[in-house]
Amino acid sequence: MQRIFGNKKNKDPPPSIQDASDRINKRGESVDDKIKRLDGELAKYKEQIKKTRPGPALEAVKARAMRVLKQKKMYEGQRDMLYNQTYNLDQVSFAAEGIKDAQQTMSALKSANKDLKGMMKTVKIQDIDNLQDEMMDLMDVSNEIQESLGRTYSVPDDIDEDELLGELDALEADMGLETEGEGVPSYLQPDKDSDLDSELNLPSAPIGNASMPAGRVNTQGEDNFGLPAVPHGLRG
């Protein structure tokens with residue numbers, strides 16, 4: 001059978017967008033080189049036209065310059081066409097790259113979605129709610145314990161606040177009466193000596209010779225305290 005129909009030839013794979021773009025760019029560079037060469041010839045012909053006098057020689061130079069100019073226009077048209085093809089290939093390449101990026105993004109999202117579903121199976125909303133309720137109950141119990149430990153034992157719970165306010169007002173009134181003596185309570189003020197002497201009705205102590213009647217001379221001496229000295233016979 002192979003001798004009759006022959007072997008099938010393996011077809012080459014179609015060129016990629018990048019291969020086609022590279023090939024067109026090479027052609028465009030070749031056309032640009034040709035245009036630059038023609039520009040150089042046109043510059044020479046322009047100089048010859050300026051220097052040549054009118055006549056057949058000038059007309060011949062103009063004819064050669066016109067031919068070169070037509071070639072340049074043709075190459076410029078080809079270059080523009082190649083540029084358009086390159087632009088189209090770039091657009092297709094950008095679209096293809098965008099689709100590839102979208103495919104990779106979708107693949108990554110699917111993988112992440114699968115992982116999230118697996119993790120969500122281990123975490124339940126009901127378990128989280130139950131945990132929150134248990135935490136709130138524990139906090140309430142902790143607050144009750146703190147309040148119980150901070151309770152004061154010396155103050156009864158059935159004290160009337162109005163009665164306490166009345167006692168406080170009475171205490172402030174008593175303090176106001178006691179502080180009339182220049183802001184010092186009466187029980188803290190010092191006693192007056194003049195009042196004590198008048199109550200006891202005691203005579204004043206003699207001072208020196210001022211207590212002796214007139215005309216009498218104190219024959220006794222005085223001791224260190226200003227009192228009459230004791231006679232020597234009466235001293236023990």
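**I49 touches L58, V61 and K62, not counting residues up to four places away in sequence.** Contact here means heavy atoms within 4.5 Å. The model is predicted: local features need pLDDT of at least 70, side-chain atom pairs count only at pLDDT 80 or more, and totals for chains, interfaces and linings use all residues. Residues are numbered from 1 along each chain as its sequence is written, and side-chain values use heavy atoms, with hydrogens and water left out. I49 sits in helix α2; helices (H or I, at least four residues) and strands (E, at least two) are DSSP runs, numbered from the N terminus. I49 has a relative accessible area of 27% and is therefore partly exposed, where buried means under 20% relative accessible area, exposed over 50%, and partly exposed in between (1.4 Å probe, protein chains only).

**S21 of helix α2 and D90 of helix α3.** S21 and D90 are 69 residues apart along the chain, and their C-alpha atoms are separated by 7.7 Å. Apart from its neighbours within four places in sequence, S21 is in contact with T86, L89 and D90. S21 has a relative accessible area of 7%, so S21 is buried. D90, at 30%, is partly exposed.

**The salt bridge of R79 and D32.** The two side chains meet at 3.4 Å, N to O. This pair links distant parts of the chain: R79 belongs to helix α3 (residues 56–122) and D32 to helix α2 (residues 17–51), 47 residues apart. A salt bridge is a side-chain nitrogen of Lys or Arg within 4 Å of a carboxyl oxygen of Asp or Glu. Side chains of opposite charge can pair when their charged atoms come close. R79 counts as partly exposed because its relative accessibility is 22%, whereas D32, at 18%, counts as buried. The whole structure holds four salt bridges.

**A salt-bridge network of D39, K72 and E76.** In the pair of D39 and K72 the N to O distance is 2.6 Å. Shared partners join the three residues D39, K72 and E76 into one network. K72 is buried because its relative accessible area is 17%, while D39, at 30% relative accessibility, counts as partly exposed.

**A negative surface patch that includes E144.** The patch is formed by D127, D129, D133, E134, D137, D140, E144 and E147. Lys and Arg count as positive and Asp and Glu as negative, while His and the chain ends are not counted. The place of a charge is taken as NZ of Lys, CZ of Arg, CG of Asp or CD of Glu. Patches are made of residues with over 30% relative accessible area and no salt bridge; like charges are joined within 9 Å, and nonpolar side chains (Val, Leu, Ile, Met, Phe, Trp, Tyr) within 5 Å. E144 lies in helix α4 (residues 125–149). With 54% relative accessibility, E144 counts as exposed.

**A nonpolar surface patch that includes L165.** L165, L168, L171 and M175 make this patch of about 390 Å². Accessible areas come from the Shrake-Rupley method with a 1.4 Å probe, and for residues only the protein chains shown count as cover. L165 is placed in helix α5 (residues 161–178). L165 counts as partly exposed, since its relative accessibility is 49%.

**The whole chain, for orientation.** The secondary structure comes to six helices and zero strands, and the elements run α-α-α-α-α-α from the N terminus on. Of the 236 residues, 9% count as buried. The chain exposes about 21400 Å², of which carbon and sulfur atoms supply 55%. Among contacts with a separation of 6 or more, 52% are between residues 24 or more positions apart.
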